[in-house]
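Hi there,

Here is the structure I promised to pass on to you. Have a look at it first, and then read my notes below.

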Amino acid sequence: MTNWVEVCSVRDISERNMAKFTVESKDILILRTDEGFFAIDDTCTHAEVSLSEGSIKGCQIECWAHGAVFDVRDGSVVTPPASEALKTYETKIQGDGEDAVVSIKIGE
Ligand code: FES
């Protein structure tokens, strides 16, 4: 079953930044990039640390632990040592400006 879950307001995440949320028992990062909002699993696929401590460069996130880089648009690995893609979640924005609500699609 697929559900859209309201996670936060646009204002909760400053531009070119990210925030970590627990949604239906999953730790998920929402990223606000110049290309829009993206949602990924917070856990690095290399050694299972939190990517919320990493750094954003455009639409990529670099893991702080060993330097793996992922594309947040599709979760793909850009730079090893990670070899497994991150899970991504579809996002939608409802409303206007900073009051708009960010939702993500959870489930199959
Ligand atoms: S835990 Fe992320 S690159 Fe190793």
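**What I found**

Ala-39 stands opposite Tyr-89 in strand 9 (strands are DSSP E runs of at least two residues, helices are H or I runs of at least four, and both are numbered from the N terminus). Before going further, please note that this is a predicted model, where local features need pLDDT of at least 70, side-chain atom pairs count only at pLDDT 80 or more, and totals for chains, interfaces and linings use all residues. Residues are numbered from 1 along each chain as its sequence is written.

Back to the strands: strand 4 and strand 9 run antiparallel and are joined by two bridges. They belong to an open sheet of four strands, in the order 2-3-4-9, with antiparallel pairing (two strands pair if DSSP finds at least two bridges between them). Strand 2 (17–23) and strand 9 (88–89) are the edge strands, each pairing on one side only. In the chain there are 11 strands and zero helices.

Ala-39 turns up again in the core. The largest nonpolar core has 22 residues, and Leu-29, Ile-30, Leu-31 and Ala-39 touch the most other members. Strand 3 (26–33), strand 4 and strand 11 (101–106) each supply at least two residues of this core. By nonpolar core I mean a set of buried Ala, Val, Leu, Ile, Met, Phe, Trp, Tyr and Cys residues joined through C-beta atoms within 7 Å. A residue is buried if 20 or more other C-beta atoms lie within 10 Å of its own, exposed if 12 or fewer, and partly exposed in between, with C-beta atoms placed from the backbone.

Leu-51 may also interest you. Leu-51 sits in the loop between strand 4 (36–41) and strand 5 (55–57), and is buried because 27 other C-beta atoms lie within 10 Å. Leaving aside neighbours within four places in sequence, Leu-51 is in contact with Leu-29, Asp-42, Cys-44, Ile-61 and Cys-63 (contact is C-beta atoms, placed from the backbone, within 7 Å).

As for the whole chain, 24% of the 108 residues count as buried. The C-alpha trace spans about 40 × 30 × 20 Å along its principal axes. The radius of gyration is 13 Å, which agrees with the value near 13 Å for a compact globule of 108 residues (taken over C-alpha atoms; the rule is 2.2 Å times the number of residues to the power 0.38).

Best wishes

Methods
Contact = placed C-beta atoms within 7 Å.
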